[in-house]
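Let's take a friendly walk through a protein chain. Have a look at the picture before reading on.

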Amino acid sequence: MAHDLKSPLNAIEATLELMRGKVLGDNVDLYVPLVDKCINRMNDMREMIRDVADLWKIKAGDLPRNFSRIELGQLVRTVIASASTQAQ
């Protein structure tokens, strides 16, 4: 799990270092996609942290477990689409 939290932080740090070095020049508009990537990574981290907090609450008995049926095929398609986007 530590890797799952460190990886987004490393990506954010690397992106910010690129921005600090002005690798795209002085035009601020060119950096908007990099800022968007950082924001998306931070949102992903926030979601992971919430999930971990929920797991601790479940373990402590403070949050009930809710089981439900899922459409496995749809879940797999979603994961593949997400991984494909990240791979690009």
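How many helices and strands are there in the protein chain? There are 3 helices and 0 strands, where helices (H or I, at least four residues) and strands (E, at least two) are DSSP runs numbered from the N terminus. Along the sequence, the pattern reads α-α-α.

This is a predicted model, in which local features need pLDDT of at least 70, side-chain atom pairs count only at pLDDT 80 or more, and totals for chains, interfaces and linings use all residues. Residues are numbered from 1 along each chain as its sequence is written, and side-chain values use heavy atoms, leaving out hydrogens and water.

Here are some values for the whole chain.

| Property of the protein chain | Value |
|---|---|
| Radius of gyration (over C-alpha atoms) | 18 Å |
| Accessible surface | about 7700 Å² |

A compact globule of 88 residues would have a radius of gyration near 12 Å; that rule is 2.2 Å times the number of residues to the power 0.38. Accessible areas come from the Shrake-Rupley method with a 1.4 Å probe, and 58% of the chain's accessible surface belongs to carbon and sulfur atoms. Buried residues make up 8% of the 88 residues, buried meaning under 20% relative accessible area, exposed over 50%, and partly exposed in between.

Now zoom in on one residue. Val76 lies in helix α3 (residues 72–87). Is Val76 buried, partly exposed or exposed? Val76 is partly exposed, because its relative accessible area is 41%.

Definitions and conventions. Buried means under 20% relative accessible area, exposed over 50%, partly exposed in between (1.4 Å probe, protein chains only).
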